[in-house]
Amino acid sequence: MKNEKPETGAFFQRDRAWHPPMLTPGYKTSVSRAPQRAPISFPGTLSEITGPAFGHAMLGEHDNDLTQNFARPGESAIGPRIIVYGRVLDERGIGLSNVLVEFWQANAGGRYRHKKDGYLAPLDPNFGGCGRTITDEEGNYSFLTVMPGPYPWPNGQNDWRPAHIHFSVFGHGFVQRLVTQMYFEGDPMIWLCPIVNTIPDRAAVEGLIAALDMQATVPMDARAYKFDIVLRGRRSTLFENRMEGN
Amino acid sequence: MAQKLTRLKESASQTAGPYVHIGLTPNLSGITGVYPEDLGTRLAGEKARGERIRVEMRVFDGTGTPVKDTLIELWQADADGLYNSPSEARGAADPHFAGWGRVASDMETGVLTFETIKPGRVPFPDGRMMAPHISLWIVARGLNLGLATRMYFADEEEANAKDPVLTRIEHQNRVPTLIAGRNGNTYTFDIHLQGDRETVFFDI
């Protein structure tokens, strides 16, 4: 569905009992970084209802191909090749067109290309780990990458992150801004992870697990995982005499 | 049984983690050649209208330790109080001013610096004018959900005193946590995630 005119309604209130709380002692870093006072609410103003727009013109040819966008000519990243695809929707089920989706991840061995990552698994010289795309008119996006590996992290003595891809998503208003992580169907590490377990509701975790989709797989090339992302919905202007932004 | 409300639930947030820079400021983190430049590094083009300012922010955790792995995005109106957004229905914003920017903490000092223009005033839904402000969205390792706050300007005392958002904060002694001090053309803004000097965060 294509919107004729940009929407200017205020956004639905965020369900903060569905999201992880700020203080989650099982994830140790949250303990000294979680605000202790209640956040203050006020009605959505133009500062919240508006947000930046990004044009497809900013995208390079390989921005949504992590197997190629850091690779030397004629070479490719090492690891199981996968397509990740899905839609960016809002809570009303409307596909959000022209929104920027960015993603980053470790390589197939669980090593990030970052100076602070000292894990002994080696870097892949042909893998950078970042990509981006912009949704089409129906809210669809897709990218090609290699499946990231799990990796250990200094939280408990033996904590490992499940395989995951970080996502950063823009909506049409600045308060729809969301970062989250995508996990892979069937990974037994998911339910052991202190970061996953910051989320109180099992159904909310299941919403972050991408499904293996053999029908979208390209035979003899790459398997496919489907990952839909839902951003906050917004109020429609059902009656014209309502004040703008209400 | 009534009809079902077929609404979806928002995807649950997860922390941006310590390596957020790989995805959002790859050039800064040493991953070069993928994008020509990091997104959001230039807010104001040379021809942008308005007063040019520099902002220096620091983020502290509950022990007073500088946080060195934060990423902050800002969103603000142009000098005339218009947003460069398709949802801006009041007129066309300055085409030389993006209004959106992204900056990462310096990995050694923790300071975040950006150059922009001072925003004009924007109305609250009831028509009262808000004081000039910049909306901030903060993510980092240890933050399970991005934090929303606003930065106001110390040299806008009169407008700040009547601002519809600042005046609804019950504990008025916390309002100064949202006001950046001025020194020449530089504003400094310290964000305290937790503790006695905790910054006011919003659920909006």
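The largest pocket has a volume of about 600 Å³. The model it belongs to is predicted. Its lining counts 25 residues. B:Glu37, B:Gly40, B:Arg42, B:Leu43 and B:Ala98 lie nearest the pocket centre. Two strands of chain B, S1 (52-60) and S4 (112-117), each supply at least two lining residues. By class, the lining of this pocket holds 12 nonpolar, 7 polar and 6 charged residues.

Now turn to the interface between the chains. Here 89 residues of chain A are in contact with 78 residues of chain B. The buried area is about 7500 Å². Carbon and sulfur atoms give 59% of that area. On the side of chain A, A:Arg33, A:Ile40 and A:Phe42 lose the most area to chain B. Together these three residues account for 11% of what that side buries.

Which elements of chain A give two or more residues to the side that touches chain B? They are helix H1 (46-49) and strands S1 (81-90), S2 (100-104), S3 (130-134), S7 (164-169), S8 (178-184) and S11 (229-231). S8(A) provides the largest share, 5 residues. By class, the side of chain A that touches chain B divides into 42 nonpolar, 26 polar and 21 charged residues.

Methods:
Residues numbered from 1 in each chain as written. Chains lettered and ligands numbered in written order. Predicted model: local features only at pLDDT ≥ 70, side-chain atom pairs only at ≥ 80, totals over all residues. Heavy atoms only, no water. Contact = heavy atoms within 4.5 Å. Buried area = accessible area lost by both parts, 1.4 Å probe. Helix = DSSP H or I, 4+ residues; strand = E, 2+ residues; numbered from the N terminus. Nonpolar A, V, L, I, M, F, W, Y, C, P; charged D, E, K, R; others polar. 1 Å grid on protein atoms, 1.4 Å probe; cavity = no way out; pocket = protein on both sides within 12 Å on 5 of 7 lines; lining within 4 Å. Points joined across faces, edges and corners; volume = space filled by probe spheres on them.
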